[in-house]
Amino acid sequence: MTTSEREPCPDRILDDVGGAFAMGAVGGTAFHFLRGAYNSPNGHRLSGGSQAVRMSVPRTGGNFAAWGGLFSAFDCAMVHARQKEDPWNSILAGAATGAVLSLRQGPRATATSALVGASLLALVEGAGVLLTRTMATLPQEDHAYPFPVVPPHEEEVSAHESSPIAWVRGFFGRKEEKPAAAGGDSKSDVLESFETPSPPIPSFDYKDI
């Protein structure tokens with residue numbers, strides 16, 4: 001998701017919290033169910049997986065929601081401080097989020113988590129920028145008319161002349177007659193058909209033999 005498609009900063013925090021919680025709940029359900037079913041004895045795998053989901057999924061969803069809320073809050077703080085939105089805001093927000101979540105484990109763990117968070121966000125933002133540039137450099141094709149437009153009359157004539165029957169007739173010396181143009185010889189043919197002499201009228205007079 002690019003920065004132009006995201007919600008404005010005050011609403012972005014709530015949106016990211018909900019999205020992170022849903023992601024953690026869905027992914028945690030699949031993970032903990034499979035793990036609980038694997039660690040349960042035969043005949044109790046379904047109940048063991050369900051129990052693991054009930055016990056662990058709320059905690060997983062809460063951890064994801066906390067990470068998403070902190071990241072969005074730091075991202076909005078960076079936007080307000082730097083007065084612009086770019087990938088550096090997300091990278092710095094990822095580092096700050098990792099550091100805050102590891103404060104209770106000591107300075108070394110805090111620095112490691114900050115470095116890991118910054119690296120992950122740098123990879124994500126770099127992949128997004130690379131994908132955007134790749135899509136921008138692709139040639140823009142005109143999809144309105146993917147095939148050359150041929151007038152109907154020319155298409156019918158070309159198909160008629162290239163048919164196998166026309167080729168066989170031409171091989172034996174017989175050429176296929178082309179349809180007359182509109183308003184041309186068709187009228188004269190019709191008039192000539194009316195000018196031909198009619199057959200004589202039969203006589204019904206009685207003749208004595």
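Q: Which helix does N89 lie in?
A: N89 lies in helix α3, where a helix is a DSSP run (H or I, at least four residues), numbered from the N terminus. Bear in mind that this is a predicted model: local features need pLDDT of at least 70, side-chain atom pairs count only at pLDDT 80 or more, and totals for chains, interfaces and linings use all residues. Residues are numbered from 1 along each chain as its sequence is written, and side-chain values use heavy atoms, with hydrogens and water left out.

Q: Why does N89 count as buried?
A: Its relative accessibility is 1%. Buried means under 20% relative accessible area, exposed over 50%, and partly exposed in between (1.4 Å probe, protein chains only). So N89 counts as buried.

Q: What makes the pairing of N89 with R82 a polar contact?
A: The two side chains come to 2.8 Å. The cut-off is a pair of N or O atoms within 3.5 Å; within protein, one must be able to donate a hydrogen and the other to accept it, and residues adjacent in sequence count only if both atoms are side-chain atoms. N89 also has a side-chain polar atom 2.7 Å from the backbone oxygen of K84.

Q: Which residues does N89 touch, not counting residues up to four places away in sequence?
A: N89 touches D75, M78, V79, R82 and K84 on that count, with contact meaning heavy atoms within 4.5 Å.

Q: Why are α2 and α3 called oblique to each other?
A: Helix α2 (residues 45-82) and helix α3 (residues 87-101) pack at about 135°, with axes 8 Å apart. Axes are lines fitted to C-alpha atoms, for helices over the stretch in contact, and angles run from 0 to 180 degrees between N-to-C directions. Under 35 degrees is roughly parallel, over 145 roughly antiparallel, 65 to 115 roughly perpendicular, and the rest oblique. So α2 and α3 are oblique. By class, the residues of their contact divide into 12 nonpolar, 4 polar and 2 charged.

Q: How do α1 and α2 pack, and what makes α1 roughly antiparallel to α2?
A: The angle between α1 and α2 is about 155°, with the axes 5 Å apart. That makes α1 roughly antiparallel to α2. As for residue classes, this contact has 18 nonpolar, 15 polar and 4 charged residues.

Q: Why is T60 buried?
A: T60, found in helix α2, has a relative accessible area of 15%, so T60 is buried. A polar atom of its side chain lies 3.1 Å from the backbone oxygen of S56. Not counting residues up to four places away in sequence, T60 touches G24, G28 and H32.

Q: Why is F21 called partly exposed?
A: F21 has a relative accessible area of 40%, so partly exposed is the label. F21 sits in helix α1 (residues 9-39). Leaving aside neighbours within four places in sequence, F21 is in contact with G61, G62 and A65. F21 and P58 are 37 residues apart in sequence but 9.0 Å apart in space, C-alpha to C-alpha.

Q: Is Q83 buried or exposed, and why?
A: The relative accessible area is 61%, so Q83 is exposed. Q83 is found in the loop between α2 and α3.

Q: What is the phi of Q83?
A: Phi of Q83 is near 60°, a positive value in a residue other than glycine. For context, most residues other than glycine have a negative phi.

Definitions and conventions
Helix = DSSP H or I, 4+ residues; strand = E, 2+ residues; numbered from the N terminus. Nonpolar A, V, L, I, M, F, W, Y, C, P; charged D, E, K, R; others polar.
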